[in-house]
Amino acid sequence: MTANNYGFDTLAIHAGQEPDPRTGAVVPPIYQTSTYAQDAVGAPRLGYEYARSGNPTRDALQECLAAIEGGRRGLAFASGLAAEDTLLRTVCRPGDHVLIPGDAYGGTYRLFAKVAENWGLAWTAVPLDDLDGVRAAFRPGVTRMIWAETPTNPLLNIADIAALAGLAHEYDALLTVDNTFASPYLQQPIALGADVVVHSTTKYLGGHSDVVGGALVVGNDELGDQLLFHQNAMGAINGPFDAWLTLRGIKTLGVRMDRHCDNAERIVGYLSEHSAVETVYYPGLETHPGHETAAKQMQRFGGMVSFRAAGGMQAAIDICNRTKLFVLAESLGGVESLIEHPGQMTHLSAAGSPLEVPADLVRLSVGIESVDDLLADLEQALG
Ligand SMILES: *Cc1c(COP(=O)(O)O)cnc(C)c1O
């Protein structure tokens, strides 16, 4: 069931997950094995030889990922960053150049600045919402990829996926979109022209803060084959139990995202009126500079909300320390609400760089609890 004639929620529940042919098990089993018996030399059953190269639980997840992103092939990895690293070393060579967002996820920035650069990959950080700026930074024949993240973490800036795809393809470069914040329920980058979708499945796809994982989805068979080769050759795969947990999470992605969006909208309305809040960042706000583009390419605006505290850095830190229901923690996209101070937590590695975030910034991952309880918690924390 990979054809896109089914609706999103049907694919999320069924793609790659036909009942087990041997036992009828409705849920794909966890094939916790490292190797497979072969019928004769050179004759593995169903093509499975060794679990780095292939595992049926991982295959189920990969097929589902491809279906829900509208891609040709999905690949699952041990983490989002493992997926990113595999992608970079599959499509880029030393000497190539990549454009990355002016406020990329901290770990993505670190991968470019501290790992890929040592390996010979050049990169430039540019605000991707400024298309003239992107064009000016583009080095024809050298820039191999535009790396977009939309909405961005933590400032929720919006990049125009279709416009960036057009620009990249003009120069035979690739457009990669980190779709972690939106999830495929809200945004489908491949249909908008992107070549590669990246996920930290740790976040909304897993959805329960109980598993770390990453994914790549591509719309092109040849690139899919190259990535499959590198997935095995580099070995950054996830284990079968992690694949199973992620697959289980994906089944409810649609209903969870709707509730994340409902709750986030209520909280944005509340924060926008509060005197302890300076600015609210949410692409659903008409005052958000990327609102029009977001409305064009997203179904709704997601569960991530950032805001600047009126009293500066200490006020932001105090708010983070005072919430009770909003758990003070890194990560995002789980059913429970989280709060964090990006400057001291998730984005500490970007301090002193062009990607440094404002010191008075607070980031919320709005969960799916009863929204009145979330509002009451914020009320006591904002004081
Ligand atoms: C968390 C995250 C990543 C990295 O994923 P891991 O699973 O933590 O390795 C990449 N991009 C974004 C937008 C993220 O939020």
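Is Leu46 buried or exposed? In this predicted model, where local features need pLDDT of at least 70, side-chain atom pairs count only at pLDDT 80 or more and totals for chains, interfaces and linings use all residues, Leu46 is exposed, with a relative accessible area of 79%. Residues are numbered from 1 along each chain as its sequence is written, and side-chain values use heavy atoms, with hydrogens and water left out. The exposure classes run as follows: buried is under 20% relative accessible area, exposed is over 50%, and partly exposed is in between, with a 1.4 Å probe and protein chains only.

Leu46 also stands out for its backbone. Its phi is near 50°, a positive value in a residue other than glycine. Leu46 is found in the loop between strand E2 (43-44) and helix H2 (56-68); helices (H or I, at least four residues) and strands (E, at least two) are DSSP runs, numbered from the N terminus. Asp172 gives a second case, with phi near 60°, again positive in a residue other than glycine. Asp172 sits in the loop between H6 and strand E7 (174-178), and it is exposed, at 69% relative accessible area.

The loop between strand E6 (143-149) and helix H6 (161-170) holds Pro151, and Pro154 is placed in the loop between E6 and H6 too. Both prolines come with a cis bond: the peptide bond from Thr150 to Pro151 has omega near -5°, while the one joining Asn153 and Pro154 has omega of about 5°. As background to these backbone features, most residues other than glycine have a negative phi, and most peptide bonds are trans.

Now to the ligand. There are 15 residues around it, and Gly80, Asp178, Ser200, Thr202 and Lys203 come nearest; a residue is near a molecule or strand if one of its heavy atoms lies within 4 Å of it. By type, the shell around the ligand divides into 4 nonpolar, 7 polar and 4 charged residues. Here Ala, Val, Leu, Ile, Met, Phe, Trp, Tyr, Cys and Pro count as nonpolar, Asp, Glu, Lys and Arg as charged, and the others, Gly among them, as polar. Helix H3 (residues 80-91) gives the most to this shell, with 3 residues.

A polar side-chain atom of Asp178 lies 2.6 Å from a nitrogen atom of the ligand. The protein covers 92% of the 380 Å² of accessible area that the ligand has on its own, with areas from the Shrake-Rupley method and a 1.4 Å probe.

Tyr109, in helix H4 (residues 106-116), is buried, with a relative accessible area of 10%. Tyr109 and Leu355 are 246 residues apart in sequence and 8.1 Å apart in space, C-alpha to C-alpha. Ile13, in helix H1 (residues 8-14), is partly exposed, at 36% relative accessible area. For Ile13 and Val255, the separation is 242 residues in sequence and 12 Å in space, C-alpha to C-alpha.

Definitions and conventions
A polar contact is a pair of N or O atoms within 3.5 Å; within protein, one must be able to donate a hydrogen and the other to accept it, and residues adjacent in sequence count only if both atoms are side-chain atoms.
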